[in-house]
Amino acid sequence: MEGSSRALKIGILLLAVITAVFFGAAWYFSSVLMHPGPFECTKEHFVYCGDPMEQGIPFEKVEFRSSDGLMIRGWYMPAGKSIRAIVFAHGRGANRNEGMRFARPLHDAGCAILAFDFRHCGESDRSFNSMGYHEKKDIIAAVDFLERGKGMKSIGLMGWSQGAATGILAMAEDKRVRAGVFEGGFASAADVIAEGAARDFGLPRKPLLPFVLWLYGLRGKLDTDAMNAEDVIGSIAPRPVYIIHGDADTMVYYKHGERLYAAAGEPKRMWTVKGGPHVECWQMDRKRAEHSVKEFFNKYL
């Protein structure tokens, strides 16, 4: 009896330790999702790390509020009397500089540009990262700003990485966005998280990841089943989308681009950037990147 009682106590203790370790690991990884590491703009990846005057583009600093009350800050670059504008949506944990590679060619094509920092990034209000679930409110607020504050009548969207996935979520919800270019976006938030966990930490998808996602959703008040661009991109049609993805992308694997393109309705187009790493189509082929994006927006905005 005494031996079995001791074994039971040891078993309970081991179970408690395993549970504590499991919960601690889930809390840690959900915190990593909520709070990306520090960001540093580098010319290697973003090319332009200064304000728009680095490229000779006049601009004004602007701010506007999301529907849940956060102040979003950015740069507005007017293009004369043009009523066409494009919103730039940067990637996870980055800032408004990410899209500035495309500012000059699109501005020269007669489009005003709004480049802003998502919540919890750059100069915008602190919050946490939700892999696009809450960030889509920032894009919708940007569209409101352009329409109501600047009188824009034809609005497009260009997003990179998480900004691409978020842009698809926002475009599916807000029909004022007439055309979207999405580079390096993920089809499924859960899949890209699981792939990152396997790549960076050697973790299998089960049993930890489902609990991490549950805890992430609980802490962030988000629906992890409503974060998948693949599920909604088809509803954007007949508004056009342009998917760009490098086939050597090791951050958001190329299959995500293929899935997004397959799920999209017509009109749609896709550029597979041969040998392209994560969101660097401009660096791989600047001439094609600038021409194809300008041609797309000139046609559809």
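Visitor: Which residues of α5 are buried?

Guide: Bearing in mind that this is a predicted model, the buried residues of α5 are Ala189, Ala190, Asp191, Val192, Ile193, Ala194, Glu195, Gly196 and Ala197.

Visitor: And how many residues does α5 have, and how far does it reach?

Guide: Helix α5 covers residues 189–201, which is 13 residues, and from its first C-alpha to its last it reaches 17 Å, close to the 18 Å expected at 1.5 Å a residue.

Visitor: What caps the N-terminal end of α5?

Guide: That is Ser188, with a side-chain oxygen 3.4 Å from the backbone nitrogen of Ala190. Just after α5, Gly202 takes a positive phi of about 70°.

Visitor: Switching to pockets, what is the volume of the largest pocket, and what lies nearest its centre?

Guide: The volume of the largest pocket is about 960 Å³. Its lining is made of 35 residues, and those nearest the centre are Arg92, Ser161, Arg199, Met251 and His278.

Visitor: Which helix gives the largest share of that lining?

Guide: The largest share comes from α5, with seven residues, while α1 (2–34), α5 and α6 (208–220) each supply at least two. By class, the lining of the largest pocket divides into 19 nonpolar, nine polar and seven charged residues.

Visitor: Back to Ser161, then: where is it, and is it buried or exposed?

Guide: Ser161 sits in the loop between β5 (154–160) and α4 (162–173), and it counts as buried because its relative accessibility is 11%, under the 20% cut-off. Apart from neighbours within four places in sequence, Ser161 is in contact with Gly91, Glu183, Gly184, Gly185, Phe186, Val252, His278 and Val279.

Visitor: What about the second largest pocket, what is its volume?

Guide: The second largest pocket has a volume of about 170 Å³, and among the 15 residues that line it, Gly37, Gly93, His120, Cys121 and Arg126 are the closest to its centre. Its lining has five nonpolar, seven polar and three charged residues.

Visitor: One more: where is Met227, and how far is it from Ala190?

Guide: Met227 is in the loop between α6 and α7 (229–232), and its C-alpha is 8.2 Å from that of Ala190, although the two are 37 residues apart in sequence.

Visitor: Why does Met227 count as buried, and what is it in contact with?

Guide: Met227 counts as buried because its relative accessibility is 1%. Leaving out neighbours within four places in sequence, Met227 is in contact with Ser130, Met131, Tyr133, Leu169, Phe186, Ala189, Tyr216 and Leu222.

Definitions and conventions. Residues numbered from 1 in each chain as written. Predicted model: local features only at pLDDT ≥ 70, side-chain atom pairs only at ≥ 80, totals over all residues. Heavy atoms only, no water. Helix = DSSP H or I, 4+ residues; strand = E, 2+ residues; numbered from the N terminus. Expected span 1.5 Å × (residues − 1). Buried < 20%, exposed > 50% of the residue type's maximum accessible area, 1.4 Å probe, protein only. Polar contact = N/O pair within 3.5 Å; in protein donor to acceptor, adjacent residues only side chain to side chain. Contact = heavy atoms within 4.5 Å. 1 Å grid on protein atoms, 1.4 Å probe; cavity = no way out; pocket = protein on both sides within 12 Å on 5 of 7 lines; lining within 4 Å. Points joined across faces, edges and corners; volume = space filled by probe spheres on them. Nonpolar A, V, L, I, M, F, W, Y, C, P; charged D, E, K, R; others polar.
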